[in-house]
Amino acid sequence: MNVTALAVAVALFALVTVLGFLAARWRKGDLDLLHEWGLAGGRFGTVVTWFLLGGDLYTAYTFIAVPALVFGAGAIGFFAVPYTIIVYPFVFLTMPRLWSVCRAHGYVTPADFVRGRYDSSTLALAIAATGILATMPYIALQLVGIQVVIAGLGITGTGIMGDMPLIIAFVILAAYTYSSGLRAPALIALVKDLLIFITVIAAVVIIPAKLGGYGAVFAAVPKEKLVLAPAQYGSYATLALGSALALFLYPHSITGVLSSSGRKVIKRNAAFLPAYSFLLGLIALLGYMAIAAGIKPDPIYGTQWAVPALFDAMFPDWFTGVAFAAIAIGALVPAAIMSIATANLFTRNIYKEYLRRDASPRDEARMAKLASLVVKFGALVFILALENARQEAIDFQLLGGVWILQTFPAVIFGLYTRWFHRWALLAGWAVGMVTGTAMAASQHFTAIYPLHIGGFDLRGYGAFYAFIVNLIVTVVASAVLNAMGVARGADETVEEDYVLGGEASAPDARREQLQTARVAG
Amino acid sequence: MSAETRGRGWRRLVPLLLIIPFIGTLWVSSYASLEPALGGIPFFYWYQFLWIAISALLTIVVYLVERSEEKRGQ
């Protein structure tokens with residue numbers, strides 16, 4: 001056991017625990033309201049949102065899995081870089097519209113928006129259920145990230161004692177998320193991101209220096225790993241594009257967007273979040289540094305062992321503690337935001353819609369807090385109880401990416417046009433879900449589907465191909481249903497809702513106007 | 001009127017700059033090679049790092065143009 005590293009990691013963990021509970025008093029709001037608990041009142045400015053989204057999107061699992069993929073498979077693993085480049089222009093163009101319409105109508109989840117736009121609680125349920133299903137395994141993977149770190153600190157044991165550190169970490173996380181809501185991960189994200197930046201910058205300076213420079217690192221990697229084969233180009237591009245289009249459909253990403261205080265905050269973040277992409281690129285290169293350092297895959301953790309083993313071999317003990325704490329805390333932030341986002345979806349789009357229509361804002365907040373506990377303990381039990389849980393979580397997370405991309409037409413196209421018919425969107429979603437799941441299952445849960453059309457090898461990201469099928473069904477069915485004049489439902493949004501400015505007064509005025517209209521109507 | 005509909009002339013086309021990163025990064029065959037290497041780092045890697053900066057700069061340009069439009073409209 002590495003006692004120094006363990007002591008440093010435990011101390012840092014204790015620090016963020018205190019922060020998590022104190023967060024309830026930060027920018028104080030009435031935490032008995034869903035909007036305050038689950039979106040922190042929507043008052044976060046540019047800097048807090050930058051830390052929050054950075055802490056939310058670049059998860060502990062990312063820090064383990066991306067270098068692990070580069071370590072094991074080489075250049076293809078670097079797709080994480082183009083993925084996180086193109087996601088931000090996409091965010092710049094689309095997310096301010098989502099923010100505006102959600103602010104104008106008090107929507108807390110993407111499914112709330114879909115319900116209001118298309119007048120269909122069924123379509124909203126599909127969106128909400130997809131979001132919950134896609135996020136659950138993602139939470140479980142954060143646990144895997146913590147597990148790897150705990151094992152890296154040399155804590156081993158059998159049975160319940162071996163699982164104790166993970167259980168303690170998660171109980172603490174659940175407690176402060178329950179009491180502080182989104183404020184807790186937002187405050188902890190500051191610590192997390194600083195630790196990650198320090199760790200990575202130290203890593204990319206110290207480790208190559210010990211290995212003889214970057215030239216030596218790349219020279220140690222077999223040539224066929226260093227560059228893509230022509231047959232991989234399509235996979236690389238579709239993995240990047242598909243992942244980028246999917247990222248901001250995940251409930252936890254949208255929660256981050258909606259908690260910001262304005263359109264400008266989102267646009268500025270689209271310009272400054274690429275700093276994390278730079279970091280991610282450096283982290284990806286850790287995979288090659290592990291090869292150069294002669295690290296071998298672990299019998300239990302496989303290639304995921306690469307980064308912890310590399311840190312342990314290269315850093316002094318105390319700094320290994322900092323690095324491992326950075327990864328573990330890096331798991332807590334997204335796990336908290338994901339459980340909050342899932343809880344918001346359950347509360348708004350299932351509980352209030354189907355179980356208790358007359359739920360007051362206070363009932364909503366109470367339900368959401370409870371749901372966030374259930375989600376987290378569900379993930380914990382999943383990881384601890386299942387024999388092969390780590391692989392299952394990875395497989396399901398892959399499917400989660402396939403599924404969440406199928407909500408793209410309803411949510412993103414919905415921001416621009418009402419041309420698509422609600423039943424067509426539902427049909428496209430269903431076909432996309434089935435096609436994507438079947439593609440992934442047929443390949444034993446690997447992301448790449450070997451599509452062949454007319455003698456051409458078009459292998460690529462299965463989620464992306466399922467999305468194309470979804471699009472075709474949605475367009476054709478919309479044309480047919482619209483021509484037949486099937487009822488389209490009422491749209492409670494108007495064009496100007498989508499471009500409302502960031503000034504606090506404007507949306508409030510619009511909301512008052514809406515409320516007056518409702519009372520009058 | 002909003003920032004999105006107010007743009008005039010060439011300024012309306014400025015958001016199209018945001019398409020450039022998609023072309024730069026998704027046209028994989030244009031950069032999937034080891035040479036020219038830079039300080040031992042193969043082309044494939046440093047080129048994509050470069051695109052992180054280009055994409056961020058383009059986003060800043062679009063943001064600043066939109067903001068100046070908004071100010072002029074007020």
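Axes, in the views of helix packing that follow, are lines fitted to C-alpha atoms, for helices over the stretch in contact, and angles run from 0 to 180 degrees between N-to-C directions. The model shown in every view is a predicted one.

**View 1. Helices α12 and α22 of chain A packed against each other.** The crossing of the two helices is left-handed. On the α12(A) side, Thr238(A), Leu241(A), Gly242(A) and Ala246(A) meet Ala463(A), Phe464(A) and Phe467(A) of α22(A). By class, the residues of this contact divide into five nonpolar, two polar and no charged.

**View 2. Helices α5 and α12 of chain A packed against each other.** Helix α5, residues 80–105 of chain A, packs on helix α12, residues 233–247 of chain A, at an angle of about 45°, and their axes are 8 Å apart. With that angle, α5(A) counts as oblique to α12(A). In passing α12(A), helix α5(A) forms a right-handed crossing. The residues that make the contact are, from α5(A), Pro82(A), Tyr83(A), Ile86(A), Val87(A) and Phe90(A), and, from α12(A), Ala240(A), Leu241(A), Ser243(A), Ala244(A), Leu245(A) and Leu247(A). Sorted by class, this contact of α5(A) with α12(A) comprises 10 nonpolar residues, one polar residue and no charged residues. Leu241(A) is named here among the residues of α12(A) that make the contact with α5(A), and Leu241(A) is also named among those that meet α22(A).

**View 3. The largest nonpolar core and the surroundings of Ala325(A).** The largest nonpolar core has 200 residues, and those with the most contacts inside it are Leu310(A), Ala325(A), Ile327(A), Ala328(A) and Ile329(A). Helix α17, residues 317–355 of chain A, gives the most to this core, with 21 residues. When its neighbours within four places in sequence are left aside, Ala325(A) is in contact with Val8(A), Ala9(A), Leu12(A), Phe13(A) and Leu195(A).

**View 4. Phe319(A) in helix α17 of chain A.** Phe319(A), which lies in helix α17 of chain A, is partly exposed because 19 other C-beta atoms lie within 10 Å, whereas a buried residue would need 20 or more. Phe319(A) and Ala9(A) are 310 residues apart in sequence, yet their C-alpha atoms are 9.3 Å apart in space. Ala9(A) is also one of the residues in contact with Ala325(A).

**View 5. Chain B and its side that touches chain A.** Of the 74 residues in chain B, 22% are buried. Among the contacts in chain B that join residues at least 6 apart in sequence, 65% are between residues at least 24 apart. Towards its partner, 29 residues of chain B are in contact with 31 residues of chain A. The helices α1 (3–6), α2 (20–26) and α3 (43–73) of chain B each supply at least two residues of the side that touches chain A, and α3(B) gives the most to that side, with 11 residues. The residues of the side of chain B that touches chain A divide into 18 nonpolar, 10 polar and one charged.

Technical notes
Residues numbered from 1 in each chain as written. Chains lettered and ligands numbered in written order. Predicted model: local features only at pLDDT ≥ 70, side-chain atom pairs only at ≥ 80, totals over all residues. Buried ≥ 20, exposed ≤ 12 C-beta atoms within 10 Å, placed from the backbone. Contact = placed C-beta atoms within 7 Å. Helix = DSSP H or I, 4+ residues; strand = E, 2+ residues; numbered from the N terminus. Nonpolar A, V, L, I, M, F, W, Y, C, P; charged D, E, K, R; others polar. Parallel < 35°, antiparallel > 145°, perpendicular 65-115°, else oblique. Left-handed = near helix turned anticlockwise from the far one by under 90°. Core = buried A, V, L, I, M, F, W, Y, C linked by C-beta atoms within 7 Å.
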